[in-house]
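The following paragraphs lead the reader through one protein model. Please keep the sequence and the structure in view while reading.

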Amino acid sequence: MLGGVSLSRAALSLTLAIGSLSSFAHGLFPDEAGRIDWHRAQIGRPTKIVPYAFNETDTGLFAITDRNTLASLSPASGEIVWRQMFGPDETIKALRVRDGRALTLSGANETQVRVWDAVSGSLVWGFSQPPDANYRKGSGAAEFVEGSEDVVAVVGDSLVRLTPGATVPVWEVPLNATAAYKRVVLEDKSVFVVGDARLTKKNPKPRMQVVEVDLKTGGVKQKYQFASGQAVRSNRVVFLQSREYGSYVVWRDEKNIVWFVHRLGMSDPEWEIYHAKLVQVELMPADMLTSTLYEIDSDPALNANHPRFVMTYLKDDKIKTIVVEMYRSGDKLEMRKVAGFRSDDAVVAGCGIAAAKKDAANPNAPRAVVSVRSSDNVSWRVYTDSKTPTHTGDFAYSKDTYGPVKSATLYHVGGEPRVLVQTSGGLVAALAPGSSEPVWFRDESLSHATDMAFLELPPPVSSAEYAAKATDPSVLGSPVTRYILRWAETVKSIVSWVTSGFGFFAPSSADAVGASGQAARTVAEELAPGSPIVAGDHFGFRKLSVFGTSTGVVAALSTQGGSRSWTRFLADNGTAVDIENVFVTRRNQPMSSSAPLVTVVGRSRASGNTVVAVLNALTGEFADGSELAVLPYSHAKVFELPAVDTLSNQQLVGLVYRDPENQTRLGIWPSTASAAKAFCAVAEPVFFDLNDGAGSTDLRGFRVECPADEAELDSWTEGSSGFVGREQWRFDLPAGETLVSTTGYGGAQSTALLGRVLGDRSVLYKYLNPHLITLATRVGKAESSSHGIGIYMVDRVTGSLLYSTVHANAHVTAKQPFLAIQSENRVIYQFWQEGSPAAAGSTGHSDAVRGYVTVVADLYESDKPDTRDESRAFSSYDLLLPHVITEAFVAPEAASALGVTRTGSNISTRDVVFGLASGKLLSLPDQMFDARRPKRAATKDEQAEGLVPYAAPLALDPKRVLSHCNAVAGIRQIRAAPTHLESTSLVAAYGLDLFFTRTSPSGTFDQLSPSFSKVNLVVTTLALAVGCLLGGPMVRRKLTNQAWA
């Protein structure tokens, strides 16, 4: 017995000794960073990329994008050095880089000329359109004046010269409305502005018009027209600029086989003729009639003396390309061929290294041309003055991921050429000689995300189970088999743990996995993952977020770390599909052989018709051998239907459209007989509302009717005409009002509480109407004294008006949008309101506030507690009008998106999430938006209920900013999804940037805190177990002695 005690004491000592070796320090592995939240900064698809050499060693990449962003990128890594976001309607039309400065011209109704520091991205100086100036539509033409910091730009109907610090132009030349000017060409003493002459009865054919202006004084030297039948932006016209030879325009008439060359400013002769056959011997007249011209290196700093352009033509049914360089031999204009190659789908770019006086600073710099092809892979060739490429490269690439290559840029890093390719889907990739994969890439497709859906992944199972499922899914049908496989995996893990020294000598988790929980990937693997993410985690934190974009790209990203699982490019006749909606129509079934599906709905840019694709949600491949379907109509509305196809186990998607007879119909997808029967088997009728979009004056409600003859359902196919929608009601807006937006419930709604428990234990029952829609209208015109915003809450089934109000002096513009969201019995909306800078009024409408106003409307079944509708099921036909309580708050700043957190059972409180224009993602507790907050000190009952006294301003608490120090630019949508933990909600924000995080509105009541010491718990448990072993024999001995006593 004493020996047993000694052994137990020894075990206790050993346990405590092992416990003492454990580290109690709390740290963060690199792989843990980004698991809770991650941010992806983006710039949009570049419309122009300008390489610039700061000196002989440092190069920069500058880009303007279709998301109105100016950015500087690192040539070595592609990371954003700095970026400047312009307004939502401020399109950037021009970019020039000179002497460490970047020049932009932007805007539509208000032209802005700005000069930025190329290193820091800070604004050096700018010029804004004077309020009374006639700069209606800036053409996008602007140039630096060489040798000074001045800028010459075409803004609307004027040509101006601007200088830093001046509030008015140095000179301004009115350009009359006889032409639309689109090009500015600078020479030493003159400025040429070139445009398309206005068509008249006297001159019905297009012509180009030139105005020559003195660069110093702004005096008009001459004005003339030339090139009959040509336009500035034509595929048969190029502009060539040379410091040595001057500025030229080269064009080919539509039915001519020669090039016409015009020297700007010279009218005698008007042009010279050059035969392209002198450059390319094989050219025949028929070949020339198919030829097109386009520019490379149009910036005069790129080719200071020998400007070049490209000609493509068709020869023996094969597309060919030649690069032509212009020069002069004495007084004679000459052309020569620099390079030539086949180009079935090639893009061509110039030398792409911009620096002031580049040839003088570095006369040996290569003046190269790059050709890029993207058939089955991307192949590129760099040519200098010889016809043999000096550098080549290839890397495996499929157009099914990001579309075909549409442009290329050549730049240099450390003297080595690199090719920057851009695809129509939004991929920007840098390629280097001798490398089979990109040096770096940027996926800018998601900056055009239009919709997203969360896909729940199955919980992780053993690798043995996955191997068995891959070889024979039926093997896993037996629970005994699955049990044996899991035990085998557990034994394997224990052996691995023991062989690693009980975990002490195991490699760091940072060495084994990346931030997403997947093995670390190379650049090529990240671009085209070979192993998609197919398993989640036990807590439901890891899901797939499936995005649809207007660039035709569908992409799935992990919510942990944002790693890419798969990408798919959708195109109709070679043109990207404008994707509008993404639905998860078949969810994951544990250990099922049927893969989850996503249904993508978009619009063909080629025909305008509806396009539908059903994809495997785990791999991105087309599901079950399907393909992209182009339907014979264009949809007006898309929504999920409460029916599931019994054959494919897909949830149905409804597509509302009007047939040629203007009859409103509902198409379904999948469009099969089994799906049609499943839809008609739904007990509840389907209703939908329809309007003509923003600016319409009414809203109509429809009920879907199934055919009386079931034989029609048996023959239902993709070409069927759809179900008839019968108009049930029409809601006409008051005179002078037009529709701004409609808001309904996003997806399925659930609630844990049917009412609000008051402080005295009575219940105020919520008005929960799943058919509620909120209309926002523009009342009057902005310049009138009675303008404002109207709010109407309408029942979708009956068209009954449930509530209405008008907010005076309110505005809705692109810069000041109207935002709204519905959740349970609450409607929250925000708008801009003019007025005096005063606190919010007590009326709930705060008509006197000047700024952004957030209004809350809480809907209850009655104003009296413990009073509710006793019917067993809600019916819109009962016409139960809600009791509406409203309150208004002053928003801390402008918001661009609204969202609400979601949990599994909605037991946790819901936070309202604001996407602020400043880039913050702000989460405010639900109780702040209670319309019943007292405007005095709260009573005991109100305190017990959780009501806090009313305060007009919504506080911007830094601790409530989910994005922390990240500036999430251009937030347009906020989506939330539940996890397996009731306390936690996943939140995704997307627009220009992507941001993902998880939050716990009611605290992490169902999980251990990060500071909880698991080591102490294990040591304590072991100590108690050892204590039991030590005490057991002593207790038994004592009991035995007592029995003998």
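In strand β64, the residues S985, V987, A989 and G991 point one way, whereas L986, A988 and Y990 point the other way, and all are buried. Strands here are DSSP runs of E with at least two residues, helices are runs of H or I with at least four residues, and both are numbered from the N terminus. Buried means under 20% relative accessible area, exposed means over 50%, and partly exposed lies in between, with a 1.4 Å probe and protein chains only. In a regular strand the side chains alternate between the two faces of the sheet. Strand β64 covers residues 985-991, and because seven of its seven residues are buried, it is largely enclosed by the rest of the structure.

The model is predicted: local features need pLDDT of at least 70, side-chain atom pairs count only at pLDDT 80 or more, and totals for chains, interfaces and linings use all residues. Residues are numbered from 1 along each chain as its sequence is written, and side-chain values use heavy atoms, with hydrogens and water left out.

Strand β64 has pairing partners, where two strands pair if DSSP finds at least two bridges between them. With strand β63 (residues 971-978), β64 pairs in the antiparallel sense over seven bridges; A976 has V987 of β64 as its bridge partner. These two strands, β63 and β64, form a hairpin with six residues between them. Strand β65 (residues 994-999) also pairs with β64 in the antiparallel sense, over six bridges, and A988 stands opposite F996 in β65. Here the hairpin joins β64 to β65 through two residues.

Of its 1045 residues, 51% count as buried.

Another part of the model contains an open sheet of six strands in the order β43-β44-β45-β48-β47-β46, with antiparallel pairing. Strands β43 (637-644) and β46 (687-690) stand at the edges, each with a single partner strand, so one side of each is left without a neighbour in the sheet. From one strand to the next, the twist averages 35°; axes are lines fitted to C-alpha atoms, for helices over the stretch in contact, and angles run from 0 to 180 degrees between N-to-C directions. Five bridges join β43 to the antiparallel strand β44 (residues 651-658), and E640 has V653 in β44 as its bridge partner. Helix α9 (residues 673-680) lies across β43, β44, β45, β47 (698-705) and β48 (723-732), and runs at about 80° to β43. Contact means heavy atoms within 4.5 Å.

Strand β45 (residues 664-669) also contributes three residues, the largest share, to the lining of the largest cavity. A cavity is a set of points on a 1 Å grid over the protein atoms alone where a 1.4 Å probe fits but cannot get out, and lining residues have an atom within 4 Å of a point. The structure holds five cavities of 30 Å³ or more, and about 70 Å³ of space lies in the largest cavity; a volume is the space filled by probe spheres set on the points, which are joined across faces, edges and corners. Among the residues that line the largest cavity are Y633, Y657, W669, W716 and E718.

A further open sheet has four strands in the order β34-β35-β36-β37, with antiparallel pairing. Its edge strands, β34 (449-455) and β37 (564-569), each pair on one side only.

Definitions and conventions:
1 Å grid on protein atoms, 1.4 Å probe; cavity = no way out; pocket = protein on both sides within 12 Å on 5 of 7 lines; lining within 4 Å.
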